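Hello,

Here is the model we talked about, with the sequence alongside. My notes on it follow below.

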Amino acid sequence: MINSLPTNEDLRRAYFWETRRLGARENEKFASEKRVARLERLWKARWHASVEVRSNDEKEQAQSHWKSVFAVLEGRRFIFWASVAAFDSGELATGFLVLAGHAGITTISPIEAREIPEESMLERAVTIFGKGSNE
């Protein structure tokens with residue numbers, strides 16, 4: 001049995017979290033569409049995704065760890081940012097590689113395969129190689 005009809009405040013309380021989730025989902029969709037349009041039109045990017053890169057610790061050269069980054073392949077440049085949010089906000093890139101001369105992509109070596117934490121990641125792992133400068 002219903003004691004009274006719901007008021008506007010009752011309805012607002014009932015649908016508050018659902019509205020928040022829907023708003024967050026719509027904002028995320030808008031940001032993704034804006035990012036893709038920016039990458040295609042402005043950057044002329046061939047590929048972009050969130051990836052993990054292996055980097056050496058500056059303090060101990062023997063120690064390496066994996067970092068999640070947002071990467072873009074634009075022409076002959078592989079550019080990466082700390083996160084998708086860092087790219088969206090216009091921050092400077094965390095790092096980049098210029099693929100010039102003798103450079104390319106190949107499968108990983110058995111030694112590198114041992115350092116990958118999950119076996120499911122092995123089939124998606126690649127190595128970018130090339131000649132660098134010792135500055």
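In which strand is Thr127 found? Thr127 belongs to strand S6, which covers residues 127-129.

Before I go on, a word on how to read these notes. This is a predicted model, in which local features need pLDDT of at least 70 and side-chain atom pairs count only at pLDDT 80 or more, while totals for chains, interfaces and linings use all residues. Residues are numbered from 1 along each chain as its sequence is written, and side-chain values use heavy atoms, with hydrogens and water left out.

The overall picture

The protein has three helices and six strands, and these are DSSP runs numbered from the N terminus (helices are H or I with at least four residues, strands are E with at least two). Along the sequence they follow the pattern α-β-β-β-α-β-β-α-β. Of the 135 residues, 18% are buried; here buried means under 20% relative accessible area, exposed means over 50%, and partly exposed is in between (1.4 Å probe, protein chains only). The protein exposes about 11300 Å², with carbon and sulfur atoms supplying 53% of it (Shrake-Rupley method, 1.4 Å probe). Taking contacts between residues at least 6 apart in sequence, 35% join residues at least 24 apart, where a contact means heavy atoms within 4.5 Å.

Back to Thr127

Thr127 counts as buried because its relative accessibility is 17%. Leaving aside residues up to four places away in sequence, Thr127 touches Gly104, Ile105, Thr106, Thr107, Ile108 and Glu112.

Helix H1

H1 spans residues 8-43 and has a kink of about 50°, centred on Tyr15. The bend at a residue is the angle between axes fitted to the seven residues ending there and the seven starting there. Arg35, Leu39 and Trp43 are buried in this helix. As background, an α-helix has 3.6 residues a turn, so residues three or four places apart point the same way. After H1 comes Lys44, with a positive phi near 55°.

Aromatic rings

How many aromatic pairs does the structure hold? There are seven, counting rings of Phe, Tyr and Trp (its six-membered ring) whose centres lie within 6.5 Å; planes under 30 degrees apart are stacked, over 60 edge-to-face and the rest tilted. Phe16 and Trp17 form an edge-to-face pair, because their ring centres are 4.8 Å apart and their planes at 80°. Phe16 is partly exposed at 32% relative accessibility, and Trp17 is exposed at 57%.

The rings of Trp43 and Phe87 have centres 5.9 Å apart and planes at 55°, so this pair is tilted. The pair links distant parts of the chain, with Trp43 in H1 and Phe87 in helix H2, 44 residues apart. Both Trp43 and Phe87 are buried. Ring pairs also join Trp43, Phe70, Trp81 and Phe87 into a cluster. Arg38 lies over the face of Phe87, 4.2 Å from the ring centre (the cut-offs are NZ of Lys or CZ of Arg within 6 Å of the ring centre and within 35 degrees of the ring normal).

Val84 in H2

Val84 lies in H2, residues 84-88, and is partly exposed because its relative accessibility is 23%. Val84 and Val69 are 15 residues apart in sequence and 7.5 Å apart in space, C-alpha to C-alpha. Beyond residues up to four places away in sequence, Val84 touches Arg35, Ser50 and Phe70.

Best wishes
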